Amino acid sequence: MKTNELISMLSSQVDPVDTQEVVRNVRIAILIGAAASLLVVVFILGVRTDLDELHAQVFLVAKLAFSLSVVILASHYLVKYIRPGGEFRVRFALTVLPFLAAMIIAAINLATAPRSHWETMVFGSYWLECLIAVPTVAVVPFATIMAAVRLAAPTDLVRTGALAGLVAGGVSATAYALHCMDDLLPFIALWYGGTIVLCTVAGAVLGPKLLRW
């Protein structure tokens with residue numbers, strides 16, 4: 001068989017590659033993790049009982065706006081980072097925008113309140129529960145996301161792991177918002193934001209170990 005004939009035969013038997021399969025796997029993993037987090041909050045922690053009140057609904061929307069913006073931004077960048085060289089096409093720093101917005105709003109809220117109220121506004125009643133619950137609930141979404149990311153070929157393992165942790169933390173905070181009774185904006189900025197950052201740092205540390213080729 002001549003070389004040209006061999007090349008022609010091999011090229012005619014190549015199956016088309018589904019370039020979106022890896023992206024779909026990651027998105028499905030995020031949805032699975034979100035469903036698992038929601039189940040944990042609903043059946044173990046429990047949903048807050050005052051969601052029929054306007055006050056609770058307004059602040060729930062505020063919490064969800066923050067946490068879901070984190071998830072949307074981080075997942076958008078994650079699906080880019082999972083491809084070799086993908087880190088050169090995105091600006092990782094843009095993921096801080098939801099945190100920056102939350103901090104500015106919280107600072108304005110504190111500035112307009114009496115100093116005697118600051119401690120309550122920042123710590124609320126359930127800061128310790130939030131500190132423990134959000135990272136704990138984030139374990140399952142982080143595991144499902146990392147399992148999907150391992151099927152890809154990321155090259156920047158630290159940032160890819162950090163983004164996976166950021167998505168998982170945002171997903172967990174979104175679910176936890178249905179349970180949390182602390183609604184003040186400084187509390188949301190510090191404890192929701194802080195625990196999501198904690199998940200991000202954990203992802204950055206574990207990324208090189210779990211995603212190593």
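At what angle do the axes of helix α6 (residues 127–137) and helix α8 (residues 157–176) cross, and within what distance do they come? In this predicted model, the two axes cross at roughly 125 degrees and come within 8 Å.

**α6 with α8**

- An angle over 145 degrees would count as roughly antiparallel, and 65 to 115 as roughly perpendicular; α6 and α8 are therefore oblique to each other.
- The handedness of the α6 and α8 crossing is right-handed.
- On the α6 side, the contact is made by E129, C130, A133, V134 and V137, which meet G169, S172, A173 and Y176 of α8.
- Sorted by class, this contact of α6 with α8 holds 6 nonpolar, 2 polar and 1 charged residues.

**α6 with α7**

- Helix α6 also packs with helix α7 (residues 139–149), and here the axes come within 4 Å and cross at roughly 25 degrees.
- Since angles under 35 degrees count as roughly parallel, α6 is roughly parallel to α7.
- P135, T136 and V137 are the α6 residues in this contact, and their partners in α7 are V139, V140 and P141.
- The contact of α6 with α7 comprises 5 nonpolar residues, 1 polar residue and no charged ones.
- V137 is worth a look on screen: this α6 residue takes part in the contact with α8 and also in the contact with α7.

**α3 with α4**

- The axes of α3 and α4 lie 9 Å apart, and the helices pack at an angle of about 160 degrees.
- Because angles over 145 degrees count as roughly antiparallel, that label applies to α3 and α4.
- From α3, the residues F66, S69, V70 and L73 meet P98, F99 and A102 from α4.
- In this contact of α3 with α4 there are 6 nonpolar residues, 1 polar residue and no charged residues.

**The largest pocket**

- By class, the lining of the largest pocket has 10 nonpolar residues, 1 polar residue and no charged residues.

Notes
Residues are numbered from 1 along each chain as its sequence is written. This is a predicted model: local features need pLDDT of at least 70, side-chain atom pairs count only at pLDDT 80 or more; totals for chains, interfaces and linings use all residues. Side-chain values use heavy atoms; hydrogens and water are left out. Axes are lines fitted to C-alpha atoms, for helices over the stretch in contact, and angles run from 0 to 180 degrees between N-to-C directions. Helices (H or I, at least four residues) and strands (E, at least two) are DSSP runs, numbered from the N terminus. A crossing is left-handed if the near helix is turned anticlockwise from the far one by less than a right angle, and right-handed if clockwise. Contact means heavy atoms within 4.5 Å. Ala, Val, Leu, Ile, Met, Phe, Trp, Tyr, Cys and Pro count as nonpolar, Asp, Glu, Lys and Arg as charged, and the others, Gly among them, as polar.
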